[in-house]
Amino acid sequence: MDALEAELVLKQQIKTFEMNYLKEVSLSAAITISKNDTIFTIDSNGKTCFLLAFEL
């Protein structure tokens with residue numbers, strides 16, 4: 001949520017959010033965090049491990 005624009009949170013513009021844990025990641029694993037508009041993904045070894053999507 002820190003990567004979202006503060007206005008979206010302060011003006012309560014988020015209607016819903018969906019989180020999907022697809023695979024566990026070890027503490028020492030290298031990950032990539034990506035953001036595309038209102039979708040965040042965490043990838044490890046080329047596979048998506050976590051997805052967070054917001055509906056505005």
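Modeller: Happy to! Let's start with Phe 17, which counts as exposed because its relative accessibility is 51%. The cut-offs are under 20% relative accessible area for buried, over 50% for exposed and partly exposed in between, with a 1.4 Å probe and protein chains only. Please keep in mind that this is a predicted model, where local features need pLDDT of at least 70, side-chain atom pairs count only at pLDDT 80 or more, and totals for chains, interfaces and linings use all residues. Residues are numbered from 1 along each chain as its sequence is written, and side-chain values use heavy atoms, leaving out hydrogens and water.

Now to the rings. There are three aromatic pairs, counted when rings of Phe, Tyr and Trp (its six-membered ring) have centres within 6.5 Å; planes under 30 degrees apart are called stacked, over 60 edge-to-face and the rest tilted. One of these pairs brings Phe 17 together with Phe 54 in a tilted arrangement, 6.2 Å centre to centre and with 45 degrees between the planes. Phe 17 sits in strand β1 and Phe 54 in strand β4 (residues 47-55), so this pair links distant parts of the chain, 37 residues apart (strands are DSSP runs of E, at least two residues, and helices are runs of H or I, at least four, numbered from the N terminus). Phe 54 counts as buried, because its relative accessibility is 7%.

Tyr 21 and Phe 50 make another tilted pair, with 4.8 Å centre to centre and 50 degrees between the planes. Tyr 21 belongs to strand β1 and Phe 50 to strand β4, so this pair ties together parts that are 29 residues apart in sequence. Tyr 21 is exposed at 64% relative accessibility, whereas Phe 50 is buried, with a relative accessible area of 14%. Phe 40 comes in as well: ring pairs link Phe 17, Phe 40 and Phe 54 into a cluster.

Met 19 is part of strand β1 (residues 16-21) and is partly exposed, because its relative accessible area is 41%. In a regular strand, side chains alternate between the two faces of the sheet.

As for the salt bridges mentioned in that rule (a side-chain nitrogen of Lys or Arg within 4 Å of a carboxyl oxygen of Asp or Glu), the count is one. Glu 7 forms a salt bridge with Lys 11, with the closest N and O atoms 3.4 Å apart. Glu 7 is partly exposed at 41% relative accessibility, and Lys 11 is exposed at 57%.

To place all this in the fold, the protein chain has one helix and four strands, following the pattern α-β-β-β-β along the sequence. Buried residues make up 18% of its 56 residues.
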